[in-house]
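Hi there,

Here is the structure I promised to pass on. Have a look at it first, and then read my notes on the backbone below.

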Amino acid sequence: MSAAPQRDGPRIDQLSSIRADGSRLALHPADVRGRFITRRRVGFAVLIAIYLALPLVEVGGHPAVHLDVAARRFYLFGGTYNAQDFWRVLFLVTSVGFGLLFFTAWLGRVWCGWACPQTVFLEALYRPIERFFDGPRERRLKAAREPWTPARVTRAVLKHGAYAAVSMLISHAALSLFVSAGGLVSMVAAGPVASPVAFTWAMAVTGALYFNFAWFREQLCVVVCPYGRLQSAMQDRDSLIVGYDARRGEPRGRLVKVPAGATAPPRGDCVDCFRCVAVCPTGIDIRNGLQMDCLACAQCVDACDGVMDKLGRPRGLIRYDSLNGLDGQLRRVLRPRLFIYGALLLVAVVGLTLSLARRVPFEANLLRFQGMPYVVEQGTVRNQFELHLVNKNPSDTVLSIRVDSPVPAKVVVPQAQVTLGSLESFRVPLFITVGPGVKTPFTFIVEVSDAASGEVKRMEARFLGPAATGG
């Protein structure tokens, strides 16, 4: 898609981040003030605070998020999960997928402009560093055309050092989600040699973050991310977008003084100041219509509103609206596409909720010993089982075992009470013997109760044997 030129940028028939010879043109978005950028910055601060707090804040004696992949132990907001719970990820993934469809059809690219990590980290951390060392847009554009001086080299070294430091902070915060904050501190104190895999992983992520945010930037959204190219499939003419009201703005033109007695040329509200292009993080001209490069960040909205305020004209020349709304038609919020996506999202969320609500905080599986199904000795029949116990509470617990038989039977449980730590497992053998004259097979009950949660699990098992024992 094409974009209108910046005054220092490419021609109108090429992307704003590409020169005529195909080489990369660095974008320098101008600073902007307004209601949307203020709200976005508050949202960015909240999201970054949550990201940094997840491995630090304890819930139920463990970090809010601790994904111990090596030990196959996962602690999520007070819940404890192991590899056997992985099937629940299906509901989580489908909920996220259908949620993406639903909210994109309804609110457009609200994710990209307001909550995507690429946007959050770039706008909240890296661009402020760039502005601190290199100044506003005009100074950065001027410096880019000047020769390298000792002062410019010093600023560049300090700026990229800050980029590297922030990238390292982000990567170590991500690493702490897998090793816990305390484990991360221990690893750092012990040095890279003690934890070569974690060190290599952290440095690789740091390098990727530095490359992305120090240089690649908007190219990740424009070239790599497929989400923008899927807009046409997920959105319709009633989806919320950031758009330019051409009916009000055209014909555009700069403000000119009209001599006395002369007739002013017809002009719309757009004064062709290019302020909307200057503040755009992907360098597009929103006046060219809906484009896949648009992140719906609303920086052009704030910029245009500022210009309209100075001119004494109504705000909203560039605004959040739908294609139908921009054309003067009624925007439909309730429509078949939203109902379908909403129904699929509801099914996925209900499935996820039920899978979590019905989760028992321990596992108890009764397995028959391999080999002969039963043993007959001097008229008695014996069955042998093994009870596999796993504590899925976030803390220690005591699991008690009780066997309920409908017929007289001798039950041997070597350990009727088992104390287990969080996600610790234990196997308990179980022997049940009946005497002569007892008809087999029959069904008995094994009951396991959890002291920590009060939950009780009852399992039916089949006692096998000949049709009747002798006597």
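One cut-off before the rest: a residue is called buried when its relative accessible area is under 20%. Please also keep in mind that this is a predicted model.

You will find Asp272 in the loop between helices H11 and H12. Its backbone is worth a look too: phi is near 55 degrees, a positive value in a residue that is not glycine.

Ala296 is another non-glycine residue with a positive phi, here about 55 degrees. Ala296 sits in the loop between H12 and helix H13, the latter covering 299-311. Because its relative accessibility is 7%, Ala296 counts as buried.

Then there are the cis peptide bonds. Which residue is joined to Pro251 by one? The partner is Glu250, and omega for this bond is about -5 degrees. Pro251 belongs to the loop that runs between helix H11 (246-249) and helix H12 (275-278), and Asp272 is found in the loop between H11 and H12 as well.

A cis peptide bond also links Thr440 to Pro441, with omega at about 0 degrees. For Pro441, look between two strands: the loop holding Pro441 lies between E14 (425-434) and E15 (442-450).

If you open the model in your viewer, you could start with the loop between H11 and H12, where both Pro251 and Asp272 are located.

Best wishes

Terms used:
Residues are numbered from 1 along each chain as its sequence is written. This is a predicted model: local features need pLDDT of at least 70, side-chain atom pairs count only at pLDDT 80 or more; totals for chains, interfaces and linings use all residues. Side-chain values use heavy atoms; hydrogens and water are left out. Helices (H or I, at least four residues) and strands (E, at least two) are DSSP runs, numbered from the N terminus. Buried means under 20% relative accessible area, exposed over 50%, partly exposed in between (1.4 Å probe, protein chains only).
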